Amino acid sequence: MKKIKLSLLALLFSIIGYAQNFDVVPLGIYGGEQEDNLSAYLLGAPEGHSFLCLDAGTVNAGIRKALQLKSLDGSAESVLKDQIKGYFISHGHLDHLSGLIINSPADSKKNIFAIDPVIRILQDHYFISDTWVNFADQGQKPVLGKYHYNELKEETEILVSETPFSITGYELSHVNPYKSSAALVRKEDHYILYLGDTGADRIEKSDHLAHLWSSIAPLIKKKQLNTIMIEVSFPNSQPEHLLFGHLTPKLLTEELTQLKEKLGYTSLEGLTIVVTHRKPTKDNPEIIRKELLENNMLKVQYVFPEQGKKISLP
Ligand SMILES: [Zn+2]
Ligand SMILES: [Zn+2]
């Protein structure tokens, strides 16, 4: 009887669109300082064992933590080599890619997805003999060819091979004109949006976020996109001239209000916001959390990831 009830519930959830479509295993959650806990999120499908790694600040330390917490199966080696099928790198800063570089000798052949300026940074500054070895398939010789660069463009969706995912890239502004990017990942007709570091349009004098909100609004309306992973690096006390291309709780709310207006909604109830990239200095992570929860007039569901702890998302 209990079983029937449960499956009825699952059926109901899938009809109204609240089924779990994505699993996220955070390998690292902070925006600096703690080199064993920097931005990297494994995106998988429930019960699946193939992942797209969204940024790669911390890889090995995060895998070991996730194995301890039983969020992943297998060994650290098998997760790295066999279960991670590709990397999305949002931008060229070390806290988003140092884990990829350091682990490259132990890694297996796979794809890197990034916008063109980010591919150029990897190619010209990291996968070179002065700093490391060129494990990628283009750039300075000798070329080892372990990683294949896939250029993300807004107009083109690329299949992430050996996963149920396809990915589209959107440019972001991270101290204009420096480019960061977001990944819109699709699994059948469900989507999740992951943003790399970004400032608010008003501060960056940019329209990248406005454009992104317009692009995803129809998906939110159709309940095909229910989760946005976005950074909040500093508490509200950070002066606007010292944001270095990042968001505060107030600025995130300002941006989400823009999104709400594009939707024509009175609130964003039902939308899950996974808060990434808090700077771990002093008690900043706790202050950011409080400031978001205490001023949640948009009624979003905030999720604060923990390293190695699996998050199930609609
Ligand atoms: Zn960062
Ligand atoms: Zn950055």
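This is a predicted model: local features need pLDDT of at least 70, side-chain atom pairs count only at pLDDT 80 or more; totals for chains, interfaces and linings use all residues.
Residues are numbered from 1 along each chain as its sequence is written, chains are lettered from A and ligands numbered from 1 in the order in which they are written, and side-chain values use heavy atoms, with hydrogens and water left out.

View 1. Helices (H or I, at least four residues) and strands (E, at least two) are DSSP runs, numbered from the N terminus. L97 counts as buried because its relative accessibility is 0%, where buried means under 20% relative accessible area, exposed over 50% and partly exposed in between (1.4 Å probe, protein chains only). Leaving aside neighbours within four places in sequence, L97 is in contact with A56, G57, I89, H91, G92, L122 and Y126, contact being defined as heavy atoms within 4.5 Å. Y126 lies 29 residues from L97 along the chain, and the C-alpha atoms of the two are separated by 9.5 Å.

**View 2. The buried residues of helix 2 and what they pack against.** Helix 2 spans residues 60-68, and G62, I63, A66 and L67 are buried in it. These residues cover an arc of only 135 degrees around the axis, which puts them on the same side of helix 2; the arc is that of the directions from the helix axis to the C-beta atoms. The buried residues of helix 2 pack against strand 1 (22-28), helix 3 (76-83) and strand 4 (84-88). Just after helix 2, K70 takes a positive phi of about 60 degrees.

**View 3. The crossing of helix 2 and helix 3.** The axes of these two helices come within 9 Å and cross at roughly 115 degrees, where axes are lines fitted to C-alpha atoms, for helices over the stretch in contact, and angles run from 0 to 180 degrees between N-to-C directions. I63, R64 and L67 in helix 2 meet A76, V79 and L80 in helix 3. In helix 3, the buried residues are S78, V79, L80 and Q83, and the elements that cover the buried residues of helix 3 include strand 2 (40-44), strand 3 (51-54), helix 4 (98-103) and strand 5 (110-114).

**View 4. K110 in strand 5.** With a relative accessibility of 6%, K110 counts as buried. The side chains of K110 and D107 are joined by a polar contact of 2.7 Å, a polar contact being a pair of N or O atoms within 3.5 Å; within protein, one must be able to donate a hydrogen and the other to accept it, and residues adjacent in sequence count only if both atoms are side-chain atoms. Not counting residues up to four places away in sequence, K110 touches L80, K81, I84, K85, G86, Y87, K146, Y147 and H148.

**View 5. The open sheet with the strand order 6-5-4-3-2-1-14.** Seven strands form this sheet, and their pairing is mixed; two strands pair if DSSP finds at least two bridges between them. Strand 6 (147-151) and strand 14 (311-313) stand at the edges, each with a single partner strand, so one side of each is left without a neighbour in the sheet. From one strand to the next, the twist averages 25 degrees. Strand 2 and strand 3 run antiparallel and are joined by three bridges, and L43 stands opposite L52 in strand 3.

**View 6. Strand 12 and its partners, strand 11 and strand 13.** Five of the five residues of strand 12 are buried, so this strand is largely enclosed by the rest of the structure. T272, V274 and T276 point one way from strand 12, whereas I273 and V275 point the other way. Strand 11 (residues 225-231) runs parallel to strand 12 and is joined to it by five bridges, with I228 opposite I273. Strand 12 and strand 13 also pair in the parallel sense, over three bridges, and the bridge partner of T272 in strand 13 is Q301.
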